[in-house]
Amino acid sequence: MIHPVAGLRLGVAQAGIKLADYDDLVLISLASGASTSVVFTQNAFRAAPVLIAAEHSQANQGQSDWLLINTGNANAGTGEHGKRVASESCQAVADLTGSASDRVLPFSTGVIGEPLSAELITRALPHAVEDLSDNNWERAAAAILTTDTRAKLRSVSIDLGGQTCVITGMAKGAGMICPNMATMLGFIGTDAEIAPALLDSLLRTAVAASFNRISVDGDTSTNDAVTLSATGQSSVVLEAESPTTALFLDALTTLMIELAHDIVRDGEGATKFVEVRVEGGASEAACDQVARTIAHSPLVKTALFASDPNWGRLLMAIGRAGVEHLNTSVISIHINGVLIAEEGARAASYTEEAGQAAMADRDLIIEVNLNQGSAASSLWTTDLSYDYVKINADYRT
């Protein structure tokens, strides 16, 4: 069930940016007094809307009134023209609604390097305003997709000491997925009242445990952004370091992990959902290095697609992860519970039949024990299939 968020409305329109007669523009209205926190891509080649949204978010100190999203064109690699388009689009929202332009945050997704027409957006905005509704989550979640095959939408109603609040969110993304502070695009709303500083802390903590722990192809987008808006329309008021806030953070993190998993499962051409667990490291950073090297390796990912328990490729990835003082003679590897390698070599109990049976599942867990400490790290990834190559080879044609 998708729960509306009091004080948050969504309007959808067809601007003709992606295709004719296709929903490709979303406008989100936030109630007066709402707070919004945003995390942006750490890619140095930030898209124009990311630059403008970051400026506006800083200027309005987390008090945004509108979020504007278009698909079909990333408005990235478009120079000063792109920044003008993003700014003009914000001004058009302000003119229509009586808001200030710096209280509008723009977001774009789609093809990089193609000029975006401000006229297409401004012409469609009145239709988006007319369409504003708190029950428009499903249509909006579908309207922000690019190469995705399905919408990503999650919602929860939680009891916090006898008081109820709602968290609902949507995300998009299927390729160019290796977030760093954010992921593709994600928009989450709650009717709780949360001060901007606390809201920012909650978002960053939840992002670190969810969106920043996924990878489809190892590429961080120019346009990644995730927002968390708190409208303050329920009776729930969150304070720093309170038990209620801890419960809220747990629910928020769970919802964002679910959205992150949805993105991985819809990864371009993906046939496998893979959890990489690395434990026994001297530090969490060392475990994370190993997990990400495994998840980003084309040789590992193509073996996953072939359902081939090629443990040699896993050893290769672990060995090149750059972990200092790595003792390869004590490392063990399991795939879906089957012991593949131990003491740096093939396990004595391993059979190819058992390995192939484990690899045949759509959902895989690769467990690596470094046996050199107590730290651990996990992330979620996909295989690399023929269809991934086809999708990205044909993306602009």
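S234 is buried, at a relative accessible area of 17% (buried means under 20%, exposed over 50% and partly exposed in between, with a 1.4 Å probe and protein chains only). This serine sits in the loop between β10 and α6 (243-265); helices (H or I, at least four residues) and strands (E, at least two) are DSSP runs numbered from the N terminus. The side chain of S234 reaches the backbone nitrogen of V236 at 3.2 Å. Leaving aside neighbours within four places in sequence, S234 is in contact (heavy atoms within 4.5 Å) with T164, C165, D191 and A192.

A word on the ground rules: this is a predicted model, where local features need pLDDT of at least 70 and side-chain atom pairs count only at pLDDT 80 or more, while totals for chains, interfaces and linings use all residues. Residues are numbered from 1 along each chain as its sequence is written, and side-chain values use heavy atoms, with hydrogens and water left out.

Another loop residue is G218, placed between β9 (214-215) and β10 (225-230). G218 is partly exposed, with a relative accessible area of 28%. Not counting residues up to four places away in sequence, G218 touches I177, C178 and H296. P179 is 39 residues from G218 in sequence, yet their C-alpha atoms are 8.4 Å apart in space.

Now to the charged pairs. Side chains of opposite charge can pair when their charged atoms come close. The count comes to 15 salt bridges, each being a side-chain nitrogen of Lys or Arg within 4 Å of a carboxyl oxygen of Asp or Glu. Here are some of them:

| Salt bridge | Closest N and O atoms |
|---|---|
| R103 and D65 | 2.8 Å |
| D148 and K152 | 2.6 Å |
| D266 and K152 | 2.5 Å |

R103 lies in the loop between α2 (79-97) and β5 (104-111), and D65 in the loop between α1 and β4 (66-73), so this pair ties together parts that are 38 residues apart in sequence. R103 is partly exposed at 25% relative accessibility, whereas D65 is buried at 15%.

What about the other two pairs? K152 is buried at 0% relative accessibility, D148 is buried at 9%, and D266 is buried at 4%. Salt bridges that share partners join D148, R150, K152 and D266 into one network. Because D266 lies in the loop between α6 and β11 (273-281) and K152 in strand β6 (residues 152-160), their pair ties together parts that are 114 residues apart in sequence.

Technical notes
A polar contact is a pair of N or O atoms within 3.5 Å; within protein, one must be able to donate a hydrogen and the other to accept it, and residues adjacent in sequence count only if both atoms are side-chain atoms.
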